[in-house]
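Please keep the sequence and the model open side by side while reading this note. Each numbered point below takes up one topic and can be checked against the display.

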Amino acid sequence: MPLSVQIPFTRFLDDQGRALDSLPAWASDAELLRNFYRHMVLVRAFDQKCIALQRTGQIGTYASTLGQEAVGTALGQAMSREDVLVPYYRDTAIQLLRGVAMHEILLYWGGDERGSAWTDPACAEDFPICVPIATQACHACGVAAAFRTRQQHRVAVTTCGDGATSKGDFLESLNLAGVWQLPVVFVVNNNQWAISVPRSLQSAAPTLAHKALAAGIPGEQVDGNDVLAVYDRVQAAIERARAGKGASLVECVTYRLGDHTTADDASRYRSDEALKEAWQHEPIGRFQRFLHARGEWDESREQALQAQVGELIAAAVETYKAVPPAAPTAAFDHLYARLPAFYQAQREQLAARIEALGGES
């Protein structure tokens, strides 16, 4: 039996960057709009560099954000500094705006835990990347419950992909957030693929946002390739939570233009025709055309941006390469909050043995 409940859908720009209706008042801020564009361009260029580094053995498996730059850019711009981000593994765009450095992201994907020990205090309370699917939703509810207990006007924002919405962790988190009226926002990056499983085989729900209704919280859809729409609706959800009105779910409908990760080959399960069609809707070209039409962007700005982006990424790569390897015993640093004396002695003995072996080589 088809569901009769309609989920709101927001889209401000068509694929050519033309406004479909009047824009929100905040869209008159030309510098904010240019910053949206600048950041999406930076994220895509950094993404391409990360893939190149992985292909040459300089970092490990990497999860691309290609085609999904608008979601992270809008979310990072909408969050306040006092809020807490509980991310998943495709959140490079948000993390950069929150204060995580590019070389720290490279450290993380290079298998170095120091990539989660961020130096910018602005993101000190944000959580590290979560790889186990949907478990971060539970963590976000815990953060939001702490905010409510402390009577702090702060919001926990958590992200996930479409596949995660089929997990028990996600559904249980929605339920808890609804019952406790928690100040948490769930942002679903629906890029149409859970690795090789298409959206059509994941859920019979008309939209993923419908899943919020059973938990008693509002759910809505936005065009995830329209950075203006994502920013507008996520900002509204965050402020709703901050005002004590509880949780929300925002489903951002976009498309994963690349592979799931660099360990994947999407050509084995996705047609060239589908990919070609998806490229017609990607967010950066759409927004560039919008800015050009408004006179907010031109070729000279574009050339300057490309040069700046290249310099920033090159400097980040050099910084990453210059970081000395961690000691082998660093793998034990965070296994226990407080090491009992017995384990501490064993750790010291192991460190001495490793050091001795190193001296013999």
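1. Helices H5 and H6 meet through two sets of residues: Thr135, Ala137, Cys138, Cys141, Ala145 and Arg148 on the H5 side, and Asp169, Phe170, Ser173, Leu176, Ala177 and Trp180 on the H6 side. Since this is a predicted model, these contacts should be read as features of a prediction.

2. The axes of H5 (residues 135-149) and H6 (residues 168-180) come within 7 Å and cross at roughly 20°. Angles under 35 degrees count as roughly parallel, and the two helices H5 and H6 are therefore roughly parallel to each other. The crossing in which H5 passes H6 is left-handed.

3. Another helix pair, H1 and H7 (residues 227-242), has axes that come within 11 Å and cross at roughly 110°, which makes H1 roughly perpendicular to H7. Here H1 passes H7 in a right-handed crossing, and the residues in contact are Leu32, Leu33, Phe36 and Met40 from H1, together with Val227, Leu228 and Tyr231 from H7.

4. Which residues touch the most other members of the largest nonpolar core? In this core of 67 residues they are Phe36, Trp109, Leu228 and Phe287, and the largest share of the core, 11 residues, is supplied by helix H1 (residues 30-55). A second core of 28 residues is separate, and its members include Val84, Ala145, Ala164 and Leu208.

5. Leu228 deserves a look of its own: leaving aside residues up to four places away in sequence, Leu228 touches Phe12, Leu13, Leu23, Trp26, Leu33, Phe36, Phe287 and Phe290.

6. Ala134, in the loop between helix H4 (102-109) and H5, has a positive phi near 75°, while Gln181, in the loop between H6 and strand E4 (184-190), has a positive phi of about 50°.

7. Are these two residues buried or exposed? Ala134 has a relative accessible area of 1% and is buried, whereas Gln181, at 39% relative accessibility, counts as partly exposed.

8. Finally, on the scale of the whole chain, the domain assignment gives domain 1, covering 9-324, and domain 2, covering 326-360. The C-alpha centres of domain 1 and domain 2 are 38 Å apart.

Conventions. Residues are numbered from 1 along each chain as its sequence is written. This is a predicted model: local features need pLDDT of at least 70, side-chain atom pairs count only at pLDDT 80 or more; totals for chains, interfaces and linings use all residues. Side-chain values use heavy atoms; hydrogens and water are left out. Domain bounds come from an automatic or database domain assignment. A nonpolar core is a set of buried Ala, Val, Leu, Ile, Met, Phe, Trp, Tyr and Cys residues joined through side-chain atoms within 4.5 Å. Buried means under 20% relative accessible area, exposed over 50%, partly exposed in between (1.4 Å probe, protein chains only). Helices (H or I, at least four residues) and strands (E, at least two) are DSSP runs, numbered from the N terminus. Contact means heavy atoms within 4.5 Å. Axes are lines fitted to C-alpha atoms, for helices over the stretch in contact, and angles run from 0 to 180 degrees between N-to-C directions. Angles under 35 degrees count as roughly parallel, over 145 as roughly antiparallel, 65 to 115 as roughly perpendicular and the rest as oblique. A crossing is left-handed if the near helix is turned anticlockwise from the far one by less than a right angle, and right-handed if clockwise.
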